[in-house]
Amino acid sequence: MESTALITPGLARDLAALGRLGEDTSMESVLRGLTTALAAGVPGCSGASAEHWRDQRVLVSGSHSELIMLVEGEREVGEGPSVEARKSGARASVSDVLTDSRWPRYDALATRLGVRAALAVPIDVAQAQLVVCLYSVRPGAFSPQGAHSLTDMLTEQLGVAMANMWDFEEVRTDAAQLQEALAGRSLIDQAKGIIMQTSGVSSEAAFEELRRISQHHQVKVADLARLLVEEHQRKSRRSPGGS
């Protein structure tokens, strides 16, 4: 008999937690948390996979390594519920791979891994598409009614998680760029100091000299400054009075 309820309080809690990001959060960790939550929280679900598609590139995660192999095998044969869900933009399911006749090559792959039923849910999020697939070792595990409610919850919670993820990545990128810019500024100041000391010129003249050399050799000022500082440090270590 098919289950009608695919959502449990534990699943709702775990899906909501995906939107809470930390310093170590990545797209891989979000997808891994998603598949783990589905495998543990959906009644009748034996495992789950998630594909994150963006700019024709895909990132695959699974609650079990065998399911990652199944998703990749499905993509190679070009048929199956995940392929169909991504192509059509609608849910796709297999009630029993032993009686299904639509995707014989996929059914053969799933059977070898002990999968009897599968439910694939496509979810459009900002800048990407997710295809989430649930698997069961028994036929008829995912009812249409339960699948509808689960799709609504996944769409809502993953929409929040992905939006937070994009914002988080943008902030992290901005911070990295700022740190790189500050490091470059520090090197340029050091290089200017070296030129001022050796040539007896002003700060402005030292920077102009850096810029002139960088343009002549077609390198960035920050890269040229780094090379100058490193060379100065090597010479200082080799000199008798160097530390």
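Trainee: What do the buried residues of α4 pack against?
Mentor: This is a predicted model. In it, the buried residues of α4 pack against β1, α3, β3, α5 (104–112), β4 (117–125) and β5.

Trainee: Which residues of α4 are the buried ones?
Mentor: P81, S82, V83 and A85, in a helix that spans residues 81–88.

Trainee: And K87, buried or exposed?
Mentor: K87 also lies in helix α4. K87 is exposed, with a relative accessible area of 64%.

Trainee: How far is K87 from P122 in space?
Mentor: 9.1 Å, C-alpha to C-alpha. In sequence, K87 and P122 are 35 residues apart.

Trainee: What comes just after α4?
Mentor: G89, with a positive phi of about 75°.

Trainee: Switching to the strands. In what order do they sit in the sheet?
Mentor: The order is β2-β1-β5-β4-β3. That makes an open sheet of 5 strands with antiparallel pairing.

Trainee: Which strands stand at the edges?
Mentor: β2 (57–62) and β3 (92–94). Each has a single partner strand, so one side of each is left without a neighbour in the sheet.

Trainee: By how much are neighbouring strands turned against each other?
Mentor: On average 15°, direction ignored.

Trainee: Take β1. How many bridges does β1 have with β2?
Mentor: 6, in the antiparallel sense. β1 covers residues 47–54. One of the pairs is H52 with L59 of β2.

Trainee: What about S49, which residues are its bridge partners?
Mentor: In β5, the partner is C133. In β2, the partner is G62.

Trainee: How many residues of β1 are buried?
Mentor: 7 of its 8, which leaves β1 mostly covered.

Trainee: And β5, how many are buried there?
Mentor: 9 of the 9, so β5 is largely enclosed by the rest of the structure.

Trainee: Which residues of β5 point which way?
Mentor: A128, L130, V132, L134 and S136 point one way. Q129, V131, C133 and Y135 point the other way. Both sets are buried.

Trainee: How many bridges join β4 to β5?
Mentor: 9, and the two strands run antiparallel. A120 has C133 of β5 as its bridge partner.

Trainee: What does the hairpin of β4 and β5 look like?
Mentor: There are 2 residues between the strands, and Q127 takes a positive phi near 70°.

Trainee: New topic, E74. Where is its place?
Mentor: In helix α3, which covers residues 65–77.

Trainee: What is the nearest side chain of opposite charge?
Mentor: R75, 7.9 Å away. E74 is buried yet has no salt bridge. A salt bridge would need a nitrogen of Lys or Arg within 4 Å of a carboxyl oxygen.

Trainee: So what is E74 in contact with, leaving aside its neighbours within four places in sequence?
Mentor: E79, G80, P81, S82, V83, Y106 and L109. Of these, P81, S82 and V83 are among the buried residues of α4.

Methods:
Residues numbered from 1 in each chain as written. Predicted model: local features only at pLDDT ≥ 70, side-chain atom pairs only at ≥ 80, totals over all residues. Heavy atoms only, no water. Pairing = 2+ DSSP bridges. Helix = DSSP H or I, 4+ residues; strand = E, 2+ residues; numbered from the N terminus. Axes fitted to C-alpha atoms, helices over the stretch in contact; angles between N-to-C directions. Buried < 20%, exposed > 50% of the residue type's maximum accessible area, 1.4 Å probe, protein only. Lys, Arg positive; Asp, Glu negative; His and termini not counted. Contact = heavy atoms within 4.5 Å.
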